Amino acid sequence: MKLPIYMDYHATTPVDPRVLDAMMPYFREKFGNAASRNHPFGWEAEDAVEAARKQVADLIGANAKELIFTSGATESNNLAIKGVAEMYREKGNHIITCVTEHKAVIDTCKKLEKQGLRVTYLPVQKDGRIDLDELRAAITDKTILITIMTANNEIGVVQPIAEIGAIAKERGILFHTDAVQAVGKIPFDVNALKVDLVSISAHKIYGPKGVGALYVRRRNPRVLLAEQISGGGHERGMRSGTLNVTGIVGLGKAAELCRQDMEKDTERLRTLRDRLNQKLHENLDEIYINGSMEHRLLNISFAYVEGESLLMGINDVAVSSGSACTSASLEPSYVLKALGAGDDLAHSSIRFGLGRWTTDEEVDYVVDKLTKVVRRLREMSPLYEMVKEGVDLSKMQWVTH
Amino acid sequence: MAYSNKVVDHYENPRNVGSLPKDDVNVGTGLVGAPECGDVMKLQVKVNPETGVIDDAKFKTFGCGSAIASSSLATEWLKGKTVEQALAIKNTEIVAELSLPPVKIHCSVLAEDAIKAAIADYKKKQDEAKGVQPAAEHAQPSA
């Protein structure tokens with residue numbers, strides 16, 4: 001077993017060797033510009049891009065013509081939301097989203113608010129999902145877009161996308177979903193889910209960084225977007241800029257592999273995730289799962305132990321924490337706070353992201369190491385001592401700073 | 001985030017972790033911070049009533065590595081100091097000793113607060129034991 005262990009697959013993934021192999025020729029002998037229509041170098045590049053478009057489309061049950069390549073999901077989210085807001089300004093000025101969205105969605109919405117749009121940020125219930133009745137109630141005749149993520153990047157909660165899609169369709173409102181953490185991992189079909197716009201990223205599914213895609217529905221309804229990057233009119237005029245052929249080939253191959261291996265991967269990762277969860281629960285008391293177990297990630301709060309100090313103790317294991325100390329803002333995770341778990345549990349949370357190369361041996365190593373560190377830090381924790389003495393921490397008068 | 005070697009050393013080998021009997025009249029306990037802020041420090045001193053010197057100091061901390069290191073270092077520094085000398089310890093000295101980055105300065109502030117709270121608790125208990133009214137200590141002598 002090689003150290004350090006990578007258990008942060010929801011932050012990014014390594015490029016699958018099969019993906020890299022597919023990409024390599026496009027750096028060297030097949031280096032053409034896909035927009036060069038008059039010579040074989042261009043044709044070769046264009047063919048590769050179109051093949052990749054088909055591979056990505058097949059993964060989500062779409063038509064290849066409905067996919068636009070971008071620099072990644074942040075750009076896809078920006079293009080979807082700003083593109084709709086601008087294009088449908090005559091029709092309305094209201095967008096509905098949710099408090100646990102990724103910053104690429106939240107901050108895009110905030111920017112639009114400054115430009116005069118109205119945005120509703122739906123709260124989430126204890127299970128991390130939005131309440132569909134609240135969604136219905138938030139819709140007005142000025143609502144032009146609903147944007148709700150499929151799977152949450154911190155807590156793995158999967159939103160009721162098909163139900164939201166049905167509501168949006170019934171009311172004639174466009175529906176965008178940031179599906180970065182879902183596409184390639186769980187079955188996703190644009191027609192079954194009735195989504196109109198879908199953001200996809202390559203580097204979360206064993207493809208390269210710096211490339212993503214946006215699904216833009218062409219029929220029932222035909223979705224139009226105001227371009228956010230102007231130029232040579234690439235990608236049906238919605239996203240100009242010379243195509244990142246190598247990256248796109250990588251995304252295509254990554255999508256194909258995910259489609260082929262999805263069932264097998266899901267089963268293997270569920271077994272690993274359950275092993276991790278079960279062993280941690282056997283070894284330690286007062287640990288709490290944040291969000292859901294539907295997905296392959298596991299977010300756990302280790303009560304009375306602060307997240308950053310925990311990470312310091314397992315410094316040969318790469319995971320993420322919702323602790324304030326690990327973020328630049330010194331604020332604990334807004335996603336965990338939205339669940340109403342309490343800031344103290346947000347500070348104590350660790351996100352374990354398992355992936356294609358995680359092994360049983362690695363899981364066992366992490367469990368052992370974590371158990372030792374949590375026990376040691378709890379011995380050092382005044383909170384743990386007080387709880388063992390029977391003090392109710394919630395009734396204490398703390399001096400906040 | 002990269003930690004200084006001293007922070008790592010205190011994190012891995014914390015000095016003086018533990019608790020002193022909090023009902024002992026010669027023990028002062030300071031509890032500062034809040035769980036929702038991500039750090040809570042408990043710092044205790046045991047003062048020799050004859051000499052006024054701190055014989056023993058213990059801590060327990062819920063917080064990041066820098067918070068643990070700040071309180072561990074504080075207990076090291078407290079031992080052998082008089083109560084008055086202890087009150088003179090400044091958070092900036094902790095920052096300098098541990099090479100804390102700007103985002104971690106609040107950890108040192110918390111450690112200084114913990115020292116002051118522990119000593120205030122000690123003084124209060126001493127006054128109560130001697131039957132002195134808490135206010136009397138601070139009263140200015142009349143001219």
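**Terms and values**

Author: Among contacts in chain A between residues at least 6 apart in sequence, 71% join residues at least 24 apart. Two residues are in contact if their C-beta atoms, placed from the backbone, lie within 7 Å. The model is a predicted one, in which local features need pLDDT of at least 70, side-chain atom pairs count only at pLDDT 80 or more, and totals for chains, interfaces and linings use all residues. Residues are numbered from 1 along each chain as its sequence is written, while chains are lettered from A and ligands numbered from 1 in the order in which they are written.

Reader: What makes up the secondary structure of chain A, and why is chain A called as compact as a globular protein of its length?

Author: Chain A has 13 helices and 13 strands; helices (H or I, at least four residues) and strands (E, at least two) are DSSP runs, numbered from the N terminus. The radius of gyration, taken over C-alpha atoms, is set against the globule rule, 2.2 Å times the number of residues to the power 0.38. For the 401 residues of chain A the rule gives 21 Å and the value is 22 Å, which is close, so chain A is as compact as a globular protein of that length.

Reader: Which domains does chain A have, and how far apart are their centres?

Author: The bounds come from an automatic or database domain assignment, which gives domain 1 (5-9 + 261-387) and domain 2 (17-258) of chain A. Taken over C-alpha atoms, their centres are separated by 30 Å. The contact between them takes 19 residues from domain 1 of chain A and 18 residues from domain 2 of chain A.

Reader: What does the contact between chain A and chain B consist of?

Author: Chain A gives 24 residues and chain B gives 25 residues. On the side of chain A that touches chain B, α9 (307-313), α11 (343-347) and α13 (382-388) of chain A are the elements that give two or more residues.

Reader: How is chain B built, and why is chain B also called as compact as a globular protein of its length?

Author: Chain B has five helices and three strands, in the order α-β-β-β-α-α-α-α from the N terminus on.

Reader: Why is strand β3 of chain B called largely enclosed?

Author: A residue is buried if 20 or more other C-beta atoms lie within 10 Å of its own, exposed if 12 or fewer, and partly exposed in between, with C-beta atoms placed from the backbone. In β3 (residues 54-62) of chain B, seven of the nine residues are buried, so this strand is largely enclosed by the rest of the structure.

Reader: How do you know that β2 and β3 of chain B pair?

Author: Two strands pair if DSSP finds at least two bridges between them. Strand β2 (residues 39-47) of chain B and β3(B) have eight bridges, in the antiparallel sense. Lys46(B) has Asp56(B) in β3(B) as its bridge partner.

Reader: What span is expected of helix α5 of chain B, and what span does this helix reach?

Author: The expected span is 1.5 Å times one less than the number of residues. Helix α5 (residues 105-130) of chain B has 26 residues and reaches 38 Å from its first C-alpha to its last, close to the expected 38 Å. Its buried residues include Leu110(B), Ile115(B) and Tyr122(B).
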